[in-house]
Amino acid sequence: MNAVYLAVPIAVLAAGAGYWVVQAVPQGRNPASAPVSYDVAEGAVLYAENCAECHGAELEGQPEWRSPGPDGRLPAPPHDENGHTWHHPDGVLFDYTRLGGTAALARQGVEFESGMPGFGDKLTDQEIHNILAFIRSTWPERIRDAQAERTRADKQQGEG
């Protein structure tokens with residue numbers, strides 16, 4: 001429990017010390033609900049409160065996250081640069097967080113029993129975007145750039 005409380009100030013410092021807002025292109029599948037700015041400091045706090053229990057206070061994920069557990073589900077992956085979160089465009093990350101893994105994958109025609117719950121009933125769209133902005137803020141620039149390119153490509157594909 002103490003690790004979660006320590007993660008908040010560390011996360012806020014990692015996000016840029018104090019309160020700041022990241023300006024970015026609207027994200028998510030519903031442009032009307034996508035914010036034009038993100039509160040990374042709030043995202044750090046919300047991450048500690050809602051995500052760190054499974055994904056780790058330092059975004060490190062659960063041990064053996066690439067191997068299914070006894071229940072057949074994969075453990076929670078890391079959200080740092082060592083995981084695969086950055087391999088996905090923002091819209092996919094938003095849907096996965098809002099709907100939960102099983103429902104988000106079902107929308108894509110994939111049947112998979114995910115351990116990731118949906119947070120759409122607990123967090124607002126803005127809060128989910130803030131959490132994702134916090135996670136992105138911890139990645140090295142080259143990884144942020146690669147993930148941003150995936151987001152741009154996904155958005156263009158959705159328009160075409």
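# A walk around helix α2

Start by selecting D39 and A41: D39 caps the N-terminal end of helix α2, with a side-chain oxygen 3.2 Å from the backbone nitrogen of A41. This is a polar contact (a pair of N or O atoms within 3.5 Å; within protein, one must be able to donate a hydrogen and the other to accept it, and residues adjacent in sequence count only if both atoms are side-chain atoms). Helices (H or I, at least four residues) and strands (E, at least two) are DSSP runs, numbered from the N terminus.

A word on what you have open: the model is predicted, so local features need pLDDT of at least 70 and side-chain atom pairs count only at pLDDT 80 or more, while totals for chains, interfaces and linings use all residues. Residues are numbered from 1 along each chain as its sequence is written, and side-chain values use heavy atoms, leaving out hydrogens and water.

**Next, select α2 itself.** Is this helix largely enclosed or open? It is largely enclosed by the rest of the structure, because 8 of its 11 residues are buried. Buried means under 20% relative accessible area, exposed over 50%, and partly exposed in between (1.4 Å probe, protein chains only). Color V40, A41, G43, A44, L46, Y47, A48 and N50 to see the buried residues of α2.

Helix α2 (residues 40-50) packs against helix α6 (residues 125-137) at an angle of about 95 degrees, with the axes 7 Å apart. The axes are lines fitted to C-alpha atoms, for helices over the stretch in contact, and angles run from 0 to 180 degrees between N-to-C directions. That makes α2 roughly perpendicular (65 to 115 degrees) to α6. On the α2 side, show V40, E42, G43, A44, L46 and Y47; on the α6 side, show E127, N130, I131, A133, F134, I135 and S137. These residues make the contact (heavy atoms within 4.5 Å).

**Zoom in on N130.** You will find N130 in helix α6. N130 counts as buried, because its relative accessibility is 1%. Leaving aside residues up to four places away in sequence, N130 touches S37, Y38, D39, E42 and G43.

**Then move to D145.** D145 sits in helix α7 (residues 141-159). With a relative accessible area of 45%, D145 is partly exposed. Select W86 too: its C-alpha atom is 9.6 Å from that of D145, though 59 residues separate the two along the chain.

**Finally, zoom out.** The protein chain has 7 helices and 2 strands, running α-β-β-α-α-α-α-α-α from the N terminus on. Of its 160 residues, 41% are buried.

Notes
Angles under 35 degrees count as roughly parallel, over 145 as roughly antiparallel, 65 to 115 as roughly perpendicular and the rest as oblique.
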